[in-house]
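Please look over the sequence and the fold below before reading on.

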Amino acid sequence: MELNRLIDHTLLKPESTREQILKVVDEAKQYHFATVMVNPYWIPTVAPLLEGTDVLPACVIGFPLGANTKAVKVFETKDAIANGAKEIDMVINIGELKGGNDAYVIDEIRAVKETCGDLCLKVIIETCLLSEEEKKRATRDVVAAGADFVKTSTGFSTAGATVEDVRLMKKETEGSSVLVKAAGGVRNHDDLVAMVEAGAARIGTSRGTELF
């Protein structure tokens, strides 16, 4: 397995400068990572620089709180794709999930996935804010909505991915085509290997160049 091809090389800090964004793009091309993951504003900058490479431009939607309306998330997705995004990572409405409104969570994910079409949609459930039962429900909602990945974390809340959460999410996706992405807290090669062994098929990290 080529571990570098599992990496979403990520720069989502609000204070990120154009120079820093360009550096991440250069690093991703050098290491042949899967994607460069940025905020939507930077997609028009990143996408042309990745044309003809094996690295895809990707961006986050409803980030980092997930509390935008469904219509806003759909529009944000359309705009990102129009600007060149090839993968989308969206944040669910965490409050509705915790309140038991799974029908809304599924409907919102499905609406964004329909907007993505054949492009990969990863759905962030923010595991650090959920109970074990809520993590299971959230993962099942992602499966029911037809997304491509369920993702642990934004990296902007109280904690990131854990091996235990990746295992739990992997178990809940059994029998489906949905894969697991671990994000937040992957700081070294041992962390990377542990997440992959637990079942992660993609890793989101701002430290991609430090993992090898």
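Which residues of helix 8 (residues 189-198) are buried? They are Leu192, Met195, Val196 and Ala198, where buried means under 20% relative accessible area, exposed over 50% and partly exposed in between, with a 1.4 Å probe and protein chains only. Seen down the axis of helix 8, these buried residues fall within an arc of 160°, so they line one face of the helix; the arc is that of the directions from the helix axis to the C-beta atoms. An α-helix has 3.6 residues a turn, so residues three or four places apart point the same way.

This is a predicted model, in which local features need pLDDT of at least 70 and side-chain atom pairs count only at pLDDT 80 or more, while totals for chains, interfaces and linings use all residues. Residues are numbered from 1 along each chain as its sequence is written, and side-chain values use heavy atoms, with hydrogens and water left out.

Helices (H or I, at least four residues) and strands (E, at least two) are DSSP runs, numbered from the N terminus. The buried residues of helix 8 pack against strand 1 (7-11), helix 7 (163-172), strand 7 (179-183) and strand 8 (200-205), whereas the face turned away from that buried side carries the exposed residues Asp190 and Glu197. At the start of helix 8, a side-chain oxygen of asparagine 188 comes to within 3.1 Å of the backbone nitrogen of aspartate 190, and after the helix comes glycine 199, whose phi is positive, near 125°.

Strand 5 (residues 120-124) has five of its five residues buried, with Cys120, Lys122 and Ile124 on one side and Leu121 and Val123 on the other. Its pairings are set out below; two strands pair if DSSP finds at least two bridges between them.

| Partner of strand 5 | Sense | Bridges |
|---|---|---|
| Strand 4 (residues 87-91) | parallel | five bridges |
| Strand 6 (residues 149-151) | parallel | three bridges |

Leucine 121 in strand 5 is the bridge partner of isoleucine 88, and valine 150 in strand 6 is that of valine 123. From strand 5 the chain crosses through helix 6 (residues 132-145) to strand 6, and this β-α-β crossover is right-handed, a term for a path that, with the strands pointing away from the viewer, runs clockwise from the first strand over the helix to the second.

Valine 25 lies in helix 1 (residues 18-31) and is buried, with a relative accessible area of 1%. Leaving aside neighbours within four places in sequence, valine 25 is in contact (heavy atoms within 4.5 Å) with Val36, Val46, Leu49 and Leu50.

How values were computed: Polar contact = N/O pair within 3.5 Å; in protein donor to acceptor, adjacent residues only side chain to side chain.
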